[in-house]
Amino acid sequence: MDLFQNLIFGFGVALSWQNLLYCMIGVSVGTLIGVLPGIGPLATIAMLLPITFNVAPVGALIMLAGIYYGAQYGGSTTAILVNLPGETSAVVTCIDGYQMARQGRAGPALAIAAIGSFIAGTFGTMLIAVAGPPLAELALKFGAPEYFSLMLMGLVAAAVLAQGDIMKSLAMVALGLLLGIVGTDVNTGVQRFSLGITELSDGIGFIVVAVGVFAIGEIVANLGNPEERSVFTGKVKGLMPTWADFKQSVGPITRGTLLGSFFGVLPGTGPAIASFASYMVEKKIAKDPSRFGKGAIEGVAGPEAANNADAQCKFIPMLTLGLPASSVMALMLGALTIQGIQPGPEVMVTRPELFWGLIASMWIGNLMLVVLNLPMIGLWVKLLKVPYRFLFPAIMAFSAIGVYSVNNSSFEIYLTALFGVIGFIWIKLGCSPAPMLLGFVLGPMMEEHLRRAMLMSKGDPSVFVTRPISLGFIIATVLILVVIILPAVRSRRGEIAG
Amino acid sequence: MQLAIRNNRDVWAGVMLIVTGAAAVIIARDYAFGSALRMGPGYFPSVLGGLLVLFGLYLIAQGLRSNERIEGNWSLRGLIVLPLSLVLFGVLMEYAGFVPALMVLIVGSAAAGSEFKLKEVLLLATGLTAFAVALFIYGLGLPYPLFTSW
């Protein structure tokens with residue numbers, strides 16, 4: 001019964017008119033940037049963080065969360081109508097969604113994507129509500145060794161499961177950890193890597209890195225590769241899917257939801273991985289796999305459910321453990337910290353309105369997205385015609401104001417420019433900067449827990465494997481590495497032999 | 001061979017990692033290393049720096065073997081002009097005020113792109129600045145002077 005009382009309490013928080021408004025703003029902005037290629041939730045949340053300073057913590061979190069999952073909805077619209085993923089998570093949706101649109105079935109494709117996302121979102125929200133409290137209770141028992149092992153597992157999983165070269169991702173994690181160390185050492189007061197610059201004694205600002213790498217770096221990379229957009233000009237007629245469409249989509253939506261929830265809890269797996277996995281499953285079990293790629297509705301329903309379930313479930317580790325499972329969640333943590341709330345398992349007890357209010361608002365937000373978005377598709381299509389040359393100066397302006405307003409510091413602006421250049425170089429060298437940001441956030445915490453654990457155990461590193469929970473995390477870490485790296489090595493050997 | 005390395009994606013990634021890692025290790029020598037029991041401020045960074053060097057060596061080896069090229073086009077103009085206009089924004093925020101800083105930033109950023117039409121860009125800059133002033137200065141009450149008097 002506790003669950004129900006808590007949910008009712010949560011809805012009470014989320015249904016206040018301010019919070020409804022923040023939710024509405026969040027999902028609208030989210031859909032907007034989801035529709036527009038070239039700007040993602042990460043950069044947007046980083047830019048809008050300063051706006052949330054003046055908002056109560058609940059409202060701020062509700063709005064930022066809305067941007068995140070709203071972007072998943074918006075991304076599919078662009079994928080289906082323009083054959084261009086508005087968000088990386090919608091890459092898979094392009095394959096069959098655009099084919100459906102070309103066959104004059106854009107309406108059903110969009111509708112099934114929205115319905116699938118809604119079902120997945122509802123399930124994900126319920127999962128957080130059910131699994132959150134016991135997880136947080138467990139986490140309260142964690143000591144320094146457990147936290148260190150957990151973070152190690154998270155970072156390794158993030159690096160290994162991210163797209164691209166595993167070694168590069170691991171290297172970027174290590175680089176991020178190192179960047180996180182810059183500033184005053186909390187234990188000894190020693191200035192580390194601050195190069196005698198006073199502004200660096202508090203460390204490098206999180207927003208500086210995020211905006212620099214993800215907003216500025218991305219723009220520079222985009223300018224090198226001018227995009228081509230051909231908006232689907234055919235009329236979107238007949239929104240409602242047929243009964244047959246529904247029957248065909250039930251299975252894929254269910255499986256996609258479950259897959260997405262599973263991947264969602266894993267750190268580092270972006271929604272793209274969940275939707276890709278779902279697509280592969282649907283294709284594999286289909287009676288006639290040759291329909292895929294030619295407008296199979298299962299290829300839209302499954303992946304869209306998967307990416308939204310993934311997005312919702314990413315909140316579980318953030319809300320219960322205070323650990324970010326993705327770079328967007330790292331930003332959410334940043335938002336909480338700026339509001340003076342120390343993220344962690346205690347939040348659920350000390351600030352229940354935050355946890356339950358956010359959960360309730362996520363369900364409301366998902367509902368808003370379905371109800372609002374389908375009638376507004378025409379408007380989103382028009383927005384797609386805004387050329388990038390108007391878009392990126394606006395992104396620059398909001399980024400600059402956002403960074404400056406955190407500490408009213410021009411120095412941080414210069415640092416952002418520097419990180420923009422560095423981020424661009426890493427992108428060009430095929431190293432994704434996302435794992436770096438995770439390492440950057442976790443760096444100071446990880447060092448602190450490592451030091452404490454070693455003090456506890458009097459310098460004996462076996463403390464990480466003699467405590468059962470910590471041992472579990474270590475085993476999981478090793479398993480992840482073995483499972484992923486072994487086939488990679490084998491295939492590389494195969495390449496050389498062949 | 002020299003040409004091949006100049007374009008080799010993974011070799012460059014490796015070099016960057018090694019330089020960063022080595023710098024970290026060298027700088028961290030000034031901080032007490034401590035022992036495993038009482039880790040000094042130098043312990044964690046030294047280990048990480050060493051790790052980065054190892055990763056760098058691995059990537060160089062991988063690059064020499066696979067010879068992966070750096071893909072896509074570079075917009076050298078974007079790479080220089082965008083960060084520069086951001087720096088200008090920082091300077092102007094201190095000495096000239098919010099409006100000039102933002103105008104310069106927007107026009108400067110637009111100039112980083114390949115299509116630049118002055119009239120269009122000025123219109124965009126004016127519109128965006130007006131919007132930003134309304135939202136951030138009047139709406140959210142950020143305490144920045146619109147123009148700094150000299």
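Trainee: How far apart do the C-alpha centres of domain 1 and domain 2 of chain B lie?

Mentor: This is a predicted model, where local features need pLDDT of at least 70, side-chain atom pairs count only at pLDDT 80 or more, and totals for chains, interfaces and linings use all residues. Residues are numbered from 1 along each chain as its sequence is written, while chains are lettered from A and ligands numbered from 1 in the order in which they are written. Chain B is divided into domain 1 (2-66) and domain 2 (76-139), with bounds that come from an automatic or database domain assignment. Between the C-alpha centres of domain 1 of chain B and domain 2 of chain B, the distance is 38 Å.

Trainee: Let's take helix α4 of chain B. How far apart are its end C-alpha atoms?

Mentor: Helices here are DSSP runs (H or I, at least four residues; strands are E, at least two), numbered from the N terminus. The expected span is 1.5 Å times one less than the number of residues, so the 20 residues of α4(B) (residues 76-95) should span 28 Å. The value in the model agrees with that: the end C-alpha atoms of α4(B) are apart by 29 Å.

Trainee: Which elements are included in what covers the buried residues of α4(B)?

Mentor: A residue is buried if 20 or more other C-beta atoms lie within 10 Å of its own, exposed if 12 or fewer, and partly exposed in between, with C-beta atoms placed from the backbone. Among the buried residues of α4(B) are B:Leu79, B:Leu82, B:Leu86, B:Phe89 and B:Met93. Their cover draws on both chains, and includes α5 (98-112) of chain B together with, from chain A, α9 (206-224), α18 (388-407) and α19 (410-428).

Trainee: How do α4(B) and α5(B) run: roughly parallel or roughly antiparallel?

Mentor: Axes are lines fitted to C-alpha atoms, for helices over the stretch in contact, and angles run from 0 to 180 degrees between N-to-C directions. These two axes are 8 Å apart, at an angle of about 180°. Angles under 35 degrees count as roughly parallel, over 145 as roughly antiparallel, 65 to 115 as roughly perpendicular and the rest as oblique. Therefore α4(B) and α5(B) are roughly antiparallel.

Trainee: How many nonpolar residues are in the contact of α4(B) with α5(B)?

Mentor: Residues are in contact if their C-beta atoms, placed from the backbone, lie within 7 Å; those involved include B:Val81 and B:Leu88 of α4(B) and B:Val104 and B:Leu105 of α5(B). Ala, Val, Leu, Ile, Met, Phe, Trp, Tyr, Cys and Pro count as nonpolar, Asp, Glu, Lys and Arg as charged, and the others, Gly among them, as polar. Four residues of the contact are polar and one is charged, while the number of nonpolar residues is 15.

Trainee: Which helix supplies the largest share of the side of chain A that touches chain B?

Mentor: The contact takes 54 residues from chain A and 53 from chain B. On the chain A side, α8 (166-181), α9, α18, α19 and α20 (434-456) each supply at least two residues. The largest share, 11 residues, comes from α18(A).

Trainee: Is B:Phe136 buried or exposed?

Mentor: B:Phe136 is found in helix α6 (residues 118-139) of chain B. Beyond its neighbours within four places in sequence, B:Phe136 is in contact with A:Ile401 and B:Leu142. Because B:Phe136 has 21 other C-beta atoms within 10 Å, this residue is buried.

Trainee: How many charged residues are in the contact of α1(A) with α16(A)?

Mentor: Residues that meet there include A:Phe9 and A:Phe11 in α1(A), and A:Trp356 and A:Ile359 in α16(A). The contact has 10 nonpolar and four polar residues, and the number of charged residues is one.

Notes. Two residues are in contact if their C-beta atoms, placed from the backbone, lie within 7 Å.
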